[in-house]
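A careful account, with the criteria behind each term, would be welcome.

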Amino acid sequence: MIGRRALLAAGGALALGAGGWRLTTGSMAGYDRWAAELRAWPAAPEIAALVRLATLAPNSHNSQPWRFRIGPDRIDIGPDLARRVPVVDPDDHHLHVSLGAAVETLAIAGAALGRPGEVVLGPDGPGFVHSAGSPRPGPLAEAIPRRQSTRAEYDGRPLDVETLGALAAAAGMPGVRLILLTEPAVLGQVRDLVVAANGAQMGDPAFMSELRDWIRFNPRAAIETGDGLFSGASGNPSLPTALGRAVFPWVITAAGENERYARQLASSAGCAVFFAERANPEGWVQVGRACQRFALAATARDVRLAFVNQPVEVAAFRTALAALAGEPDRRPDLLLRFGRGAPLPFSPRRPVAAVVA
């Protein structure tokens, strides 16, 4: 989320002004080893291993707003309301999408590891009912540890028709409609919506305060909390936490961020817009399931993706995005951009013990 040159300049100036003050922030090499251990494929179908893989699912601000309840043949996932992000997600829409992505990851990983089952929906959140069976590995399961939101520029090349069809097929889910946008003129309009909505968010002091609270400015902070938006996962420099929080208001500007989003969208092969047939928690869970399948199918084919949800999060822009996708009477639930590019460092995750009720 932070401009590299501006942050380096501001951080360097403050550090020198403090007489060469230096704090240990941890190393990227150590962080990468830690992240790799979190994503190691399990050797056995232990329940803790399934939960660990489920926590790798995407979620807003990497707040990981879930609690897993483990029974003899069932794993239920409920919301952890202490981890809400009420400014960016006031109606818990993203929260329920996150629960859906996590339960779909459970189902895919369970089948691959010999604990097949089915997803069930309930008023308190989704669940995964499972039993012993033969392992059925596949490309979606193998992609679970490698999936990431790659917040970088892509190579600008379009994807072939076969790849687009495969991504759309993987995301097929009852109660969910997916629209792929690939025409340059339409993508230009999407870019304009993202930039405008991003400007509106950045003009809101409450949004900026919430965002800052979820940024982890260095590897040590990311490992200690196991959550949040790690600056290194966006290719940004490491700073001591106090320094990063101090310079944050000065180096994050709407103009700079809007320029960055415009470049990223211009480099993308297309965008995906997800719509739920029912605008309620169960419908949003279904969107999360479909989105995770789309993301894993993309990862399996070395296609990168990242969320650009600003026109979804700012209500004033939803109608325009829905009309652009040809669904003027529906509320858009998610907006992703996708394309080919290089991976970035992975985001942090909390240990299993911290997410099990």
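**Basis and terms**

Two strands are taken to pair if DSSP finds at least two bridges between them; strands (E, at least two residues) and helices (H or I, at least four) are DSSP runs, numbered from the N terminus. The model is a predicted one, in which local features need pLDDT of at least 70 and side-chain atom pairs count only at pLDDT 80 or more, while totals for chains, interfaces and linings use all residues. Residues are numbered from 1 along each chain as its sequence is written, and side-chain values use heavy atoms, with hydrogens and water left out.

Four strands form an open sheet in the order 5-8-10-9, with antiparallel pairing. Its edges are strand 5 (176-181) and strand 9 (304-307), each of which pairs on one side only, and from one strand to the next the twist averages 25°.

Strand 8 (residues 270-276) runs antiparallel to strand 5 and is joined to it by six bridges; within this pairing R177 stands opposite F275, and L180 stands opposite A272. Six bridges also join strand 8 to strand 10, again in an antiparallel arrangement, and here A272 stands opposite L336 of strand 10.

**Burial of strand 8**

Seven of the seven residues of strand 8 are buried, where buried means under 20% relative accessible area, exposed over 50% and partly exposed in between, for a 1.4 Å probe and protein chains only. Both faces are covered, with G270, A272, F274 and A276 on one side and C271, V273 and F275 on the other.

**Helix 4 against helix 12**

Helix 4 (residues 93-113) and helix 12 (residues 281-300) pack with their axes 6 Å apart and at an angle of about 55°; axes are lines fitted to C-alpha atoms, for helices over the stretch in contact, and angles run from 0 to 180 degrees between N-to-C directions. The two helices are therefore oblique to each other, given that angles under 35 degrees count as roughly parallel, over 145 as roughly antiparallel, 65 to 115 as roughly perpendicular and the rest as oblique.

The contact (heavy atoms within 4.5 Å) involves residues including H93, V97, E104 and I108 of helix 4 and W284, R289, Q292 and L296 of helix 12. Its residues divide into nine nonpolar, six polar and three charged, with Ala, Val, Leu, Ile, Met, Phe, Trp, Tyr, Cys and Pro counted as nonpolar, Asp, Glu, Lys and Arg as charged, and the others, Gly among them, as polar.
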